[in-house]
Amino acid sequence: MSTMTSSRTTSYKPGSAAGRWIRHHLVLILGLLVLVYTFVPIFVVVLMSFNDPASRLIYRFDGFTLHNWLNPCEAEGMCSALRTSVEIGFLATLGSTVLGTLIAFALVRHQFVGRSSMNLLIFLPMASPEIVLGSSLLALFVAAGFGGQLGFWTILIAHVMFCLSFVVVTVRARLAGLDDNLEQAAMDLYATEAQTFRRVTLPLVFPGILGAALLSFSLSFDDFIITNLNAGNTTTFPMYVWGVAQRGVPMQVNVVGTVMFLISIAIVVGAELNRRRQEKALV
Amino acid sequence: MSQVAEQEPTTADAESYDGLRLRNVTKSFGAFKAVDDLDLDVPSGSFIALLGPSGCGKTTTLRMVAGLETPTAGSITLGGQDITYAKPYQRPVNTVFQSYALFPHLDIYENVAFGLRRRKSKEVDTAVRDMLELVELTSQARKKPAQLSGGQQQRVALARALINKPEVLLLDEPLGALDLKLRRSMQLEIKRIQTEVGLTFVHVTHDQEEAMTMADTVAVMNAGVVEQMGAPADLYENPQSTFVANFLGQSNLIEGTIQNRGGDVVTVDMHGIGVSVPTERCHADSDKGWVGIRPEKVLIGAPGEELDAPGNTIPGGVVTDVSFVGVSTQYLVRMPWGQELSVFQQNTGRHTSFVPGDKVELSWRPEYAFLLDFSQDASAGAQKVDAE
């Protein structure tokens, strides 16, 4: 008996209760520290959106106000830049999602000359540095004689271009995982080609398309390097922030940042809740 | 039972035939002929099984009937109508897929209703409820396919096809994914449903027991052609080729020389022992042939023991292997000419059992033997049975 108890006590390392607690929760503590590290900048953005600055030149929390939230467009040029970004974001998302989905279907469902090289080439825009894409695109526009018309449309063309690869890769993965017996079964059950696509293929591929669209929007909204090179006189939101950063950032920028952050969180939480609901239905 | 027409194309007009008829159907994938000049008649209301090893063309044949593959040559008619090139959704044929292919985003009710909704049927709700009742899944109607067990999914796949009352229901190895016990009960279940609804069923399988249990007619396929077709008992008792003899159950095939073809029996010299085979069971054209006998038809006894067979006794056997499998004991007996024959003896308790090394004599009733052409490979189709 005595040997057993002694061996049992030696299996614990000596130390204070606090030390033991830290040892047991080390992974948790490290995880929390990493989270804090990631979220501090976002917290600053949220905090600064309520800031009442004493001076434009010193970035410091001076006092609480709702003024920035109530007058978001007070900062000169910001709202028009934001509108440009959102418009380009929506159109680029629409364009790249439609084109990318069609390409993905072609790549997965059809045999054609150059299919395997296409599969490889589609990765190229994702792998190339943005500065290379942006400058060569600018060179192309200028060479084609559109040097004087850089603006909304050239930005849109550029955004569709770099979003396309992401859409193709996302939709293709979803489509490749689809059992083609399902479409044969639908046809066997009196569904025409069009009905099969609408009733079976599209609903099953839709999550992939939706994901691709969200990704496209955030890539487009976020882009600075390619946009800046091809923008001409047009100003998007990232370009606006870059511009004003040298003269002191208006606090309204933080309002936009906070709103964008909340929208992303809402989408992620919504998707997670939806997934849990479906999982619950499966049990 | 053998209401099925013979394989040579009949002169009867295809238009007048009310069942499913395949004529000279060939399907090539590149240089490989999956189905080779196949003729097949399936009378309306019958249950036929296409039986064969994997790669014999049975699934390709089924997919051509479903419209999921287009024949390279030949024609397929159903009730006199040519459907060779019709789209899958244009033919009154439904398929139960091997993987079930249930729509994962629709619940069981909508899966079953799918075909009726596409055809704008008025009575969807009543029909779906009746069908779910038939396959005993009423309580699962609002669940998604992923929530059901394999056996339940199988029944949904069956219900989804049956509800359309197709002229022909195609079953592509539908029980392959189920465990043995469930498979046995589903075999009887599908047979019951077929009798109840009276539709034509074409069932593809590589499981000979399944084919014989379920179907009225079995067509044994090998290398893209139908080797033999008939009622399960006819096929088993009177195989016409070594492939059928080996693939459907087991057979002992012993080399022999035909001596006399007169009258009701053909007499054969088998390594010095004269045996006779009924003429209607003789499928050999040349002078030599394989004498075939099923292991359970072979009688085994100690030298000099009285065996219940009127024919000659074959002496000189030595038991080389004994396996006891409960209902029977299976012996391997080495014969004087070096071949090992297999013998199944029922464990009725009347017989003495032998141990390896014992000297034995074999015999069988002549009416159970059959004679096959010597040009055929004696081991054709044999391996597959062991794999099952």
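## Model and confidence

The pLDDT is the predictor's confidence in each residue, on a scale from 0 to 100. For chain B the mean pLDDT is 87, and 94% of the residues reach 70 or more. Residues 1-14 of chain B have pLDDT below 50, and this stretch has 22 contacts in the model beyond near neighbours in sequence; two residues are in contact if their C-beta atoms, placed from the backbone, lie within 7 Å. Residues 384-388 of chain B are also below 50, with six contacts beyond near neighbours in sequence. Where pLDDT is low, the predicted coordinates should not be read in detail. The model scores ipTM 0.79 and pTM 0.76.

This is a predicted model, in which local features need pLDDT of at least 70 and side-chain atom pairs count only at pLDDT 80 or more, while totals for chains, interfaces and linings use all residues. Residues are numbered from 1 along each chain as its sequence is written, and chains are lettered from A and ligands numbered from 1 in the order in which they are written.

## Chain A

Chain A contains 14 helices and zero strands; helices (H or I, at least four residues) and strands (E, at least two) are DSSP runs numbered from the N terminus. The radius of gyration, taken over C-alpha atoms, is 26 Å for chain A, well over the 19 Å that the globule rule (2.2 Å times the number of residues to the power 0.38) gives for 283 residues, so chain A is more spread out than a compact globule. Along the principal axes, the C-alpha atoms of chain A fill a box of roughly 85 × 65 × 35 Å.

Buried residues account for 27% of the 283 residues in chain A. A residue is buried if 20 or more other C-beta atoms lie within 10 Å of its own, exposed if 12 or fewer, and partly exposed in between, with C-beta atoms placed from the backbone. Among contacts in chain A between residues at least 6 apart in sequence, 77% join residues at least 24 apart.

## Interface between the chains

The interface brings 16 residues of chain A into contact with 20 residues of chain B. On the chain A side, α10 (180-188) and α11 (193-222) are the elements that give two or more residues, and α10(A) has the largest share, with six. By class, this side has 10 nonpolar, four polar and two charged residues; Ala, Val, Leu, Ile, Met, Phe, Trp, Tyr, Cys and Pro count as nonpolar, Asp, Glu, Lys and Arg as charged, and the others, Gly among them, as polar.

## Domains of chain B

Chain B is assigned domain 1 (14-237) and domain 2 (242-387), with bounds from an automatic or database domain assignment. The C-alpha centres of the two domains lie 37 Å apart. Their contact takes eight residues from domain 1 of chain B and seven from domain 2 of chain B. On the domain 1 side, β9 (217-222), β10 (225-230) and α7 (232-237) of chain B each supply at least two residues.

## Nonpolar cores

A nonpolar core is a set of buried Ala, Val, Leu, Ile, Met, Phe, Trp, Tyr and Cys residues joined through C-beta atoms within 7 Å. The largest has 104 residues, of which V65(B), V112(B), L170(B), A219(B), V220(B) and V291(B) touch the most other members. This core draws at least three residues from each of domain 1 and domain 2 of chain B. A second, separate core of 26 residues includes C163(A), F166(A), V167(A) and L175(A).
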